[in-house]
Amino acid sequence: MLATSRNFTAAAQAGLANDNLQRALGLARTGFPLRRRLAVERLPEFEALREAGRAIKDHTLQYLDFYIEFYESQVVASGGKVHWARTPAEACAAVLQICRSVGAKIVTKGKSMVAEEIGLNDFLEANGITPVETDLGEYIIQLRHEPPSHIIAPAIHLVKEQVAETFRAEHRSLDAGRPLIEPRQMCDEARAMLRPRFLAADVGITGANFLVAETGSSIVVTNEGNGDLTQVLPRVHIVVTSIEKVVPTFEDAATLLRLLARSATGQEFSTYTTISTGPRREADLDGPEEYHVVLLDNGRSGMIGTDFQDMLRCIRCSACMSHCPVYAAVGGHAYGWVYPGPMGAVLTPGLIGIEEAGHLPNASTFCGRCESVCPVKIPLPKMMRHWREREHAKKLSPTVYRKGLSVWAWVARRPALYHALAGTAARALGWAGQGHGRFRALPLAAGWTTVRDMPSPEGRSFHSLWAQYKKRGSAR
Amino acid sequence: MSETRERILGGIRNSLSRGHLEPRKEAELRARLTAPPRNLVPARATALDDRQRVELFVAMAGEVQATVTRVSSLTAVPEAVARHLAAENLPAELVMTLDRDLYAIPWDSWPLLRIRRGRAEAQDRVSFTPCHAAIAETGTLMLISGAQSPTTLNFLPETHIVLVRSDQVVATYEDGWDRLRAVQGTEGLPRTVNFITGPSRTADIEQRIELGAHGPRRLHIVLVEDELDGGK
């Protein structure tokens, strides 16, 4: 997928001014976090499971070469084939070659972020093969020619009226006067439109949430059942996935599965967790005759042993973005590539370079909610800081930022001057903000105050309050 | 392709600042794969007796909009199925697996039920399958594919009815998997293992949960409780 992360600032501003987007995000802000909290509260072991999940992923990464080789040998033993790909181009080529080998015309797809990462749909279309997204959200955005804006709810940026409009424009074989008001009607319509596609597909492509080394299996988690119809009906099943998805055993996968659904949607367990091992067995009455795994690296192996290794623990639950105040304000498209939110702010520069994605690790308030809800305890804010340091060192940040930072550093090294300036500013703002408690506009800060209010200081700096507190303490 | 493989594996080892694993370490990791240890397992379902475990399964399945009919023996299954179909205004037609268990059910006792055995086709509206295990922890059904058990039955029809015997109700996913390892020890894994928790759903439009996205709109469980003392 072509990255537009460079344009984050402009895209974020456009997002803030987009009424439909703000309405859709308003619905999303409360939904996922509330449901996650209720699910977590119901499971006393949740914290301990996070620790266990982290340990499983760390262990696997430490011996990743061994586990991937073992995984591959088990895929082969069960009659499947592994295609290694270092780059998106190699992965696309591998998929195309498999599709061509069976003369495929229609390919159904379960939702796969790795497929987005390699730009698979555009590539297949350019080569005369029709990819059909089958996850409802992915289907909607495919019709709209938009990228996903969230890794588990790709159409979360849309309101139902926009979906209805898209269906009316694209489903032209249906009665124009049909009612299309409620999500229920739209779900039924998508179901009816997609069913013949499932049945007609020559190849089914899914992603994988986990790969199990022990058995050479891939695990796909969905709620709709689209991933299952995608892999059970066509003659060929291709799994498009990446190297860090490997876990050693079913037991390890089970631990991570207990974390995944609760963190993602607040469900106790997703509706469908499907474990696929090789092609159909000789006597089976259905299932794919061929089973292929396209295993992508795309820079991941290079993240091992660096400040960013912990990012490879990510199980793509989306809790970090669902809890992020920046994501909730600007939406996923502003991030300009496949992975939005905090996990995207860390992963994207690692995969496509800090030169393109430098804005993303800056798009953070450092409130720390992302790390506090991460099921595998990825220190996301810390890694965003690492990227900021690199960006600064490479002089990629705007000159005015770097100059401003130098001025601040110069003042901060002179405590007396710093206290005097900070104290004066706090008093002045506190005085000016009396009565309202917040500023709707501030000189030189329009970029900040157009879309939010600035809370006014209480009048005195922390330093002066601290000094007073200590004085009182010693007097007692 | 094999050159790409070597470069990726080499890149990983390079990042880990080492070469191939020492034989001793490798043997240790292989041992872990051969006899997988359990990680932390939540106590919710493990501390229960047989009866409580079944009750937890029924309660959890109900939470995810599966419906449950409890019967006392296999003999009562045809009537339970027929009544469910009538109540849901569905045709008295079933497509079912070729499992031995299902042949043991006296379908003749309800002659109005029309039965076909095999994989599901596009026009099939109701399927009937056994399960491998039922997992109390989250009200999840575990189904496996095989020569007698086509996977299409679990996904194509709008209504999926699953037969669960109370002695199939286990506490956790790991318990279900251990049962599979025990059965499949010699033949290896089946092509597909489905963990199914309630009917198909989506919340992709405005986060409103709607049932029946692509898979079954209804998931009905017929629970046979003859294995438990005093089962009703």
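This is a predicted model: local features need pLDDT of at least 70, side-chain atom pairs count only at pLDDT 80 or more; totals for chains, interfaces and linings use all residues.

Side-chain values use heavy atoms, without hydrogens and water.

Q: Why is R316(A) called buried?
A: Buried means under 20% relative accessible area, exposed over 50%, and partly exposed in between (1.4 Å probe, protein chains only). R316(A) sits at 11% relative accessibility, so it counts as buried.

Q: Why does K395(A) count as exposed?
A: K395(A) has 60% relative accessibility, so it goes down as exposed.

Q: What makes the phi of K395(A) worth a mention?
A: K395(A) is not a glycine, yet its phi is positive, about 55°. You'll find K395(A) in the loop between α19 (380–393) and α20 (399–412) of chain A.

Q: Why is L417(A) called partly exposed?
A: L417(A) has a relative accessible area of 35%, so "partly exposed" is the label. L417(A) belongs to helix α21 (residues 415–432) of chain A; helices here are DSSP runs (H or I, at least four residues), numbered from the N terminus.

Q: How do you know that the span of helix α2 of chain A is close to the expected one?
A: The expected span is 1.5 Å times one less than the number of residues. Helix α2 (residues 19–42) of chain A has 24 residues and reaches 36 Å from first C-alpha to last, close to the expected 34 Å.

Technical notes. Residues are numbered from 1 along each chain as its sequence is written. Chains are lettered from A and ligands numbered from 1 in the order in which they are written. Helices (H or I, at least four residues) and strands (E, at least two) are DSSP runs, numbered from the N terminus.
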